[in-house]
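Reader: Hi! I'm new to this one, could you walk me through it?
Author: Happy to, let's look together.

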Amino acid sequence: MSSTPRLRSLNIDNINPHVKEAKYAVRGELATRAEKYRARLAKGYPPSPPEETLPFDKVIAANIGNPQQLDQKPITFFRQVLSILEYPGLLENEEALKSAFGYKDDVITRAKWLLKEVRSVGAYSVSQGVPGIRESVAKFIERRDGYPADPAQVFLSAGASSGVNTLMHIICSKPETGILVPIPQYPLYTATLSLLNARCVPYYLDEGKAWSTDMGAIKDALKKAKSEGTDVRAIVVINPGNPTGASLAAEDVRSVLEFAAEEKLVVLGDEVYQTNVFKGKFNSFKKGLRDLQKEVPGKFDNIELASLHSISKGMVGECGHRGGYFELIGFDPEVAAEIVKYVSISLCAPVTGQCLVEMMVNPPQEGEASYPLYKQEYDGIFHGLQERATALYKAFSQMEGVRCEEPQGSMYLFPTITIPKKGIEQGKKEGRSPDEFYASRLLDATGVCVVPGSGFGQKPGTLHFRTTFLAPGTEWVGRITQFHGKFMNEFRD
């Protein structure tokens with residue numbers, strides 16, 4: 001117990017213990033230290049005494065998928081429409097917008113339509129989201145999958161994270177509730193389960209098969225959880241994967257759905273990286289389910305599927321505007337009504353974020369005035385990400401004791417690292433796990449901030465770290481390579 005005299009109502013011993021238990025490594029201690037380094041460098045380089053000179057002149061935040069922080073440019077069409085939504089007075093002189101600022105007719109048309117739908121981005125919308133925007137989302141899903149979507153089952157959210165939070169609050173009814181979560185996983189899921197005092201049921205992805213799902217591992221995890229008294233209610237699948245970058249094949253998607261039908265599990269399909277696919281193609285859970293229902297009428301009609309998407313990733317990268325959606329399929333109408341009530345407590349998702357969702361799912365089309373620039377910007381971002389992913393992959397492939405799967409999608413690589421025994425022992429002396437020790441040394445030596453694999457979960461006896469490939473250029477990749485060589489030489493057995 002804390003020995004500090006009670007001067008306030010709250011202290012570290014009497015706040016919600018589940019908040020203290022929750023962990024979110026993506027913005028953990030290393031990220032905090034990286035921001036301190038960034039602040040020091042902002043004062044001038046080299047720094048003034050008594051501060052020590054840092055061995056780098058720039059911090060690379062490779063710890064988080066935050067594209068525009070790392071110089072990914074916004075899509076012009078999106079921001080031009082947003083400018084009018086934020087200040088409709090610009091429409092008083094449309095000719096000036098066109099002649100002086102390069103706004104195209106379709107920008108003005110879209111802004112007028114959105115203003116008609118939302119009235120004002122400074123006003124609350126209905127809690128489930130602006131009806132016209134939900135209709136645009138439903139049309140997008142139908143175009144993508146070839147099956148109809150119902151706007152009444154679409155919920156607009158403050159990013160996909162908000163949707164996950166909503167769904168988990170609905171699912172987790174007691175401390176014994178469990179949710180199958182892939183390991184490695186995005187720590188949002190384990191942190192949210194901790195906050196809800198519910199149970200994470202981990203299932204390991206198969207690194208030997210490019211981080212695909214392993215149905216044997218999933219079934220074993222379920223069996224073990226049930227034997228321990230856990231009421232397993234749902235399974236999370238992140239596709240494309242975070243932190244692994246894996247993109248699931250259609251047969252893997254089907255296998256999960258067949259398993260969920262057999263065990264009566266809700267499927268939570270985290271599909272926020274669906275446009276970040278470099279190898280193969282994206283296979284949605286919605287399409288997989290509808291295909292199964294078509295092939296075997298009746299058998300899969302009661303599967304509950306919630307699919308999530310976001311404006312934060314892909315070529316949009318509008319993390320700060322907080323926009324996303326989730327679609328419900330197969331949910332009991334009374335349960336769906338409770339979800340509506342739950343989201344109503346928070347009033348609504350940010351309306352500018354909702355408008356960006358509409359533009360993401362309904363971008364300029366070929367033949368429209370803004371399409372050539374949109375296409376140029378979109379393709380440029382995509383190919384830039386692919387080039388940097390390839391450069392990182394090649395660098396890792398040449399590093400001693402490092403193994404990495406070929407990049408398939410998302411914004412990350414998750415290489416396996418082998419750390420010499422002396423390095424492991426030094427980490428213990430500093431109170432750090434081996435992967436934390438490596439990542440800490442990397443940050444201090446190069447300014448490159450990555451996330452230790454332990455922050456996402458990893459098989460016992462293995463070590464990893466996650467890095468984004470969002471930062472521009474490839475110079476920082478060389479920093480990692482150079483550091484790794486020195487690290488291995490320093491701690492070589």
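Predicted model: local features only at pLDDT ≥ 70, side-chain atom pairs only at ≥ 80, totals over all residues.

Reader: Which way do the residues of strand E14 point?
Author: Phe465 and Thr467 point one way, Arg466 and Thr468 the other, and all are buried. Buried means under 20% relative accessible area with a 1.4 Å probe, protein chains only. Strands are DSSP runs of at least two residues, helices (H or I) of at least four, numbered from the N terminus.

Reader: And what does E10 do with E14?
Author: E10 (residues 412–413) runs antiparallel to E14, joined by two bridges; at least two DSSP bridges are needed for strands to pair. Tyr412 stands opposite Thr468.

Reader: What lies over the face of Tyr412?
Author: Arg466, at 3.9 Å from the ring centre. The rule asks for NZ of Lys or CZ of Arg within 6 Å of the ring centre and within 35 degrees of the ring normal.

Reader: New topic: how many aromatic pairs are there?
Author: The count is 18. Rings of Phe, Tyr and Trp (its six-membered ring) pair with centres within 6.5 Å; planes under 30 degrees apart are stacked, over 60 edge-to-face, the rest tilted. Tyr37 and Phe56 are edge-to-face, 5.6 Å centre to centre with 65 degrees between the planes.

Reader: Why does that pair tie parts together?
Author: Because Tyr37 lies in helix H2 and Phe56 in the loop between H2 and strand E1, 19 residues apart in sequence.

Key
Residues numbered from 1 in each chain as written. Heavy atoms only, no water. Buried < 20%, exposed > 50% of the residue type's maximum accessible area, 1.4 Å probe, protein only.
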